[in-house]
Amino acid sequence: GGMEKIKQHTFALAHYTYTVLSALKYANGAPVVRIYSDTDFSNPDVQGPIINFNVLDENGEVIGFSEVDKMASLYNIHVRTGCFCNTGACQIHLGLSNEDIQRNLQAGHVCGDDIDLVDGRPTGSVRISFGYMSSFEDAQTFLKFIIATRLSKSDTEIPLQSSITKLTTESVPDDHPSFNNADKLSPIPHIWDRELRNNSSVTKTTGNWQPPEAEAESIRAAVSETAVPTCRRGGKPITVTNIYLYPIKSCAAFEVTEWPVGNQGLLYDRNWMVVNQNGVCMTQKQEPRLCLVNPSIDLEQKIMVIQAEGMDPISVSLEENTGNEAVICESKVCSHRVKTYDCGEGIAGWFSLFLGRPCRLIRQSSDMKNRLYQKNTKGLASATNISLSLVNEAQYLLINVASILQLKEHISARLEEPLEIDELIRRFRANIVIRAPESFEEEEWAEISIGALRFQVVGPCSRCQIICIDQQSGERNKEFLQSLSAARGRKTNFGIYLMNQPLCSSFPDTLSVGSQVLPVLKENTEIQPPTSSEEKCSG
């Protein structure tokens, strides 16, 4: 029907979605979203099929766009976030002064990052766009996502009923020339209250979901080299309970009781990755079956053995072969170019057969010295020369069993089924698992020592949809990320990132299960003194 018909169709979708979004209210009457627009969506000649908004909580506080984006991905919805290459419009609609922009930059915010809130104020927003292939079902899917993640069942009944009743009698403006033939358009479907309640993604009460405020600083200030570890919580010991490495990025964990530490973290941790035919790194987000691939390292025979159900085991040498070097760029891995080499046709065929798509196994070159820790390193000068493997953020990820246990109770209640703690530990894909007396006390640490090794805490781990994947079956359940958000209260953080601080010591650089963990607290952290002199720990 030409561009005029496309304009009518896409504007009808935008008008419909705008009307419903505008009507959504919490039980206290507060709006669910704040829409940024120069029009009231009544004229397609001045308003395109785009809606720009931020999601609010019950108190009117903005929920960061990066957290909305994470939740949308669970529902297979793609949104655009940030300032959309239009900082002027962003500044006007968000009410940001020039000083605010400078302050955001000083807090480490740059275009394209996940710092969505600074001092509680948004640095950008969320945008949805409709095209000629979009349908009203697509609009309904988006609206159901907002309802499922923001409103309880009781909240949805009144505002939706009133807004949908209005939409049943009016669709798009019929007094505009573009809509003289509106009767020829497809009628607008309605999100009936019954349909919402019958939708499995909406039936669970999710009114407690509170995605996190973005951290103004992702890097914690370094502590003095002479700082003495201080016991907390009555001086009870903190120990390492599990050690995992992930030789192939996004594949299954390889559990060990002790393991050598290299200059990039645990030796051979995330040294390999699977890439598609375009050379782009594949993760469990795109291919959940990667978790069913089990690599193991044999240090004596100097091989990595790779196994998967229904496949013959195959091995890869730990010795480097740089004969077929390739340069591959994948922003999720490194934000700049990664120098790698291909592991050959045999292993490429093995992965392609198992995953059912063309792919290859590549390995990071050992002479790759230019991939260093590049984040805002305020107070962390010693970490800027630390090399990274194919990890996303830092050399190590640490989680606490006590924190897992607390989260387990919350998730089990929401799922209405018991969970094994081992399953949760596997979902969070940590390198170091510890047992501390208190849940989430690890978030108060600035530095830790384990044996002869010293590690600096460089920030929290903000979780994505990979925790929704059962690491033994590859099945997804989006309830896990939603439960984490609800349990943490405006956060999807779980676990802390560590960088290794090398020590001049005669001890071997080996990490072992059972080792004691000695934390150094952040500045201004309240310390509970030991209950007796026997519980004091030494440096």
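Helices α1 and α5 are roughly parallel to each other, a term applied to angles under 35 degrees, with those over 145 counted as roughly antiparallel, 65 to 115 as roughly perpendicular and the rest as oblique. The structure is a predicted model, in which local features need pLDDT of at least 70 and side-chain atom pairs count only at pLDDT 80 or more, while totals for chains, interfaces and linings use all residues. Residues are numbered from 1 along each chain as its sequence is written, and side-chain values use heavy atoms, with hydrogens and water left out.

The axes of α1 (residues 2-23) and α5 (residues 136-150) come within 10 Å and cross at roughly 20 degrees, where axes are lines fitted to C-alpha atoms, for helices over the stretch in contact, and angles run from 0 to 180 degrees between N-to-C directions. The crossing is right-handed, that is, the near helix is turned clockwise from the far one by less than a right angle. Ala 12, Leu 13, Tyr 16, Thr 17, Val 20 and Leu 21 of α1 meet Phe 136, Ala 139, Gln 140, Phe 142, Leu 143 and Ile 146 of α5, contact being defined as heavy atoms within 4.5 Å.

The protein chain holds twelve helices and 25 strands, assigned as DSSP runs numbered from the N terminus (helices H or I, at least four residues; strands E, at least two). Of its 539 residues, 51% are buried, with buried meaning under 20% relative accessible area, exposed over 50%, and partly exposed in between (1.4 Å probe, protein chains only).

In helix α9 (residues 345-355), the buried residues are Ile 347, Ala 348, Trp 350, Phe 351, Phe 354 and Leu 355. Seen down the axis of α9, these residues fall within an arc of 160 degrees and so line one face of the helix, the arc being that of the directions from the helix axis to the C-beta atoms. They pack against β12 (272-276), β14 (303-307), β15 (314-317) and β18 (359-364), whereas the face turned away from the buried side carries the exposed residues Glu 345, Gly 346 and Leu 353. Gly 356, which follows α9, has a positive phi, near 75 degrees.

Three strands form an open antiparallel sheet in the order β11-β10-β24, pairing being assigned if DSSP finds at least two bridges between two strands. Strands β11 (265-266) and β24 (510-512) stand at the edges with a single partner strand each, so one side of each is left without a neighbour in the sheet. Three bridges join β10 (residues 258-262) to β24, and Pro 260 stands opposite Thr 510 in β24.
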